[in-house]
Amino acid sequence: MEAFLLGAGEVLSPVTLIFMLMGSVAGIIAAAIPGFTVTMAIVLTLPLTFSMDPLQGIAVMLSVYVGGYTGGLVSAALLGIPGTPSAVATTFDAFPMSRNGQPGRALSLGVWASFFGTVISTAVLIVAAPPLALFAVRLGPWEYFSLIVFALTIVASLVGHSLQRGLIAALIGLAIATIGTDPIMGRPRFDMGIEMLAAGLPFLVVLIGIFAISQLASEVEDAGAIKTGQKLVVGDIDFKTWEVMREVLMRPVNLVRSSLIGVAIGALPGAGGSIANLVAYDQAKRSSPHPEEFGTGIPDGVVASEAGNSATAGGGLIPLIALGIPGSAVDAILMASLMVHGISVGPRLIMDNADLVYGMFFAMAVSSLMMLVVCVLSMRTFLRVAEVPKWVVVPVVLVCCVVGSFALNNRVTDLYLLGFIGLFGYALKALDYPLAPLVLGVILGPIAETNLRRALMTDGDWSLFVTRPVSLLFLVAAVLSVAWAVRGILKSKRQTTDAKDTI
């Protein structure tokens, strides 16, 4: 209790709270810009914390971290462009809801789901950090590969109206992920002798091109609408705070399930919010009595995605605090910050620096509350984007996308790739190919390949994938997941056919 009070006292000091507030605002704004990820925001924040006390510096970075996971919601809901990879699934229902005339409701649902997801993950972090971390560290490449196979089965629920087109899009994504340098041997492959492909296709460039450029191209198809100053989103821009809070709390099963999924995936090193938001969305869709409504702008889709991705913030700290193993790039930066201050990160962290650890727990809770307050007070300003004509919004967002893509590696060739990928995404969208499976393939492809090859390099026996219990559990879940999704697709087709026959 003494350690907790010491940590809480330092976090609640006026100077620390002011810095945390600034960090929360910076995280939300940075993540709302397509291509400017939470990781980039944390990297820029790190040097500013060197002169601070260890807990004060960590608290500021945690506020950027938590704010960043929510900030990606802004562009996802208003523009249909995920501000961060962890907001991909948010676009599926938040953007249609905005287009249906409810942009304020879409943002409010996401903000409250993010807040409750972070609070739930913080509670789990405090109670279950050591046992969950011990479970995560025991997983080998066999279990990780099987986990990714299970995650890839989400494709079956994201295929839109055509299973075949969805699978083709996913295979294209997996193929894109193989271009460039071999992740194990370091040799070039599938670059066809083209210099700009030698380093591979950066994931963020693919994400921005597929979602942002293709969406912006779709927005300017109607020249008449551009000339008349048509708005990007038309509808109610009111941010109904307390009414939507009750709406989120009326979905306790979806909220808690999605948050726990985010915590579990966040505790697995290398997974993170980009997988958690898709898995949480997928499970919400499978559990819904009306799965066909997902993707049309329903609250459950927004709640699942935002609660899932925000909960990974607490989940990622579990292996970091208990074992000194960072769960993501952001957690690695947090660990580096502690090491700069001479603090050893590992199993003895909570024993030797109890006040610091409990202060981190408390800072997570305060950061989530700050994020909520900042969003409630500023979302009306963000919603003014809905009132700006397309001819203003489209070029401004396009410039942000270009700057974000260039800032990733400072390579002009990435801009050429961005243009080609954007046109390719636009063509796929025009041909009614779903884009989400393609992005999922790009995200999970390298992780699956790396763990498969590590497993076979460790032991060439393929049977280990089914004889190791956790790996087998994931593979069985993958088979059941595909069967369930295909059953739902066939059932939907039968219902459509029966309705046509009745007419």
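Asp 432 is partly exposed, with a relative accessible area of 44%; the class of partly exposed residues lies between buried, under 20% relative accessible area, and exposed, over 50%, computed with a 1.4 Å probe on protein chains only. The model is a predicted one, in which local features need pLDDT of at least 70 and side-chain atom pairs count only at pLDDT 80 or more, whereas totals for chains, interfaces and linings use all residues. Residues are numbered from 1 along each chain as its sequence is written, and side-chain values use heavy atoms, with hydrogens and water left out.

The side chain of Asp 432 forms a salt bridge with that of Arg 165, at 3.6 Å from N to O. A salt bridge is defined here as a side-chain nitrogen of Lys or Arg within 4 Å of a carboxyl oxygen of Asp or Glu. The pair links distant parts of the chain, 267 residues apart: Arg 165 belongs to helix H8, and Asp 432 to the loop between helix H19 (413-430) and H20. Helices (H or I, at least four residues) and strands (E, at least two) are DSSP runs numbered from the N terminus. Arg 165, at 32% relative accessibility, is also classed as partly exposed.

Helices H8 (residues 163-177) and H20 (residues 436-458) pack against each other, with an angle of about 40° and axes 7 Å apart. Axes are lines fitted to C-alpha atoms, for helices over the stretch in contact, and angles run from 0 to 180 degrees between N-to-C directions. The crossing of H8 past H20 is right-handed, a term that applies if the near helix is turned clockwise from the far one by less than a right angle, left-handed being the anticlockwise case. On the H8 side, the residues that meet H20 are Gly 166, Ala 169, Ala 170, Ile 172, Gly 173, Leu 174, Ile 176 and Ala 177. Their counterparts in H20 are Pro 437, Leu 438, Gly 441, Val 442, Gly 445 and Pro 446, contact being defined as heavy atoms within 4.5 Å. By class, the contact of H8 with H20 has 10 nonpolar, 4 polar and no charged residues. In this scheme Ala, Val, Leu, Ile, Met, Phe, Trp, Tyr, Cys and Pro count as nonpolar, Asp, Glu, Lys and Arg as charged, and the others, Gly among them, as polar.

The structure holds 10 salt bridges. One of them joins the side chains of Arg 286 and Asp 282, at 2.7 Å from N to O. These two residues are 4 apart in helix H13 (residues 273-287), and are therefore separated by about one helical turn. Both Arg 286 and Asp 282 are buried. A further salt bridge, of 3.1 Å from N to O, pairs the side chains of Arg 411 and Asp 414. Arg 411 is partly exposed, with a relative accessible area of 27%, whereas Asp 414 is buried at 0%. Salt bridges that share partners also join Asp 182, Arg 189, Glu 449 and Arg 453 into one network.

In helix H11 (residues 241-249), Thr 241, Val 244, Met 245, Glu 247 and Val 248 are the buried residues. Seen down the axis of H11, these fall within an arc of 160°, so they line one face of the helix; the arc is that of the directions from the helix axis to the C-beta atoms. Trp 242 and Arg 246, on the other side of H11, are exposed.

Met 371, in helix H17 (residues 354-383), has a relative accessible area of 0%. The C-alpha atoms of Met 371 and Gly 71 are separated by 9.3 Å, although the two residues are 300 apart along the chain. Ile 213, in helix H9 (residues 203-219), is buried at 15% relative accessible area. With residues up to four places away not counted, Ile 213 touches Ile 208, Leu 398, Leu 418 and Gly 422. Ile 213 and Gly 422 are 209 residues apart in sequence and 4.8 Å apart from C-alpha to C-alpha.

Overall, the protein has 22 helices and 2 strands, and 55% of its 503 residues are buried.
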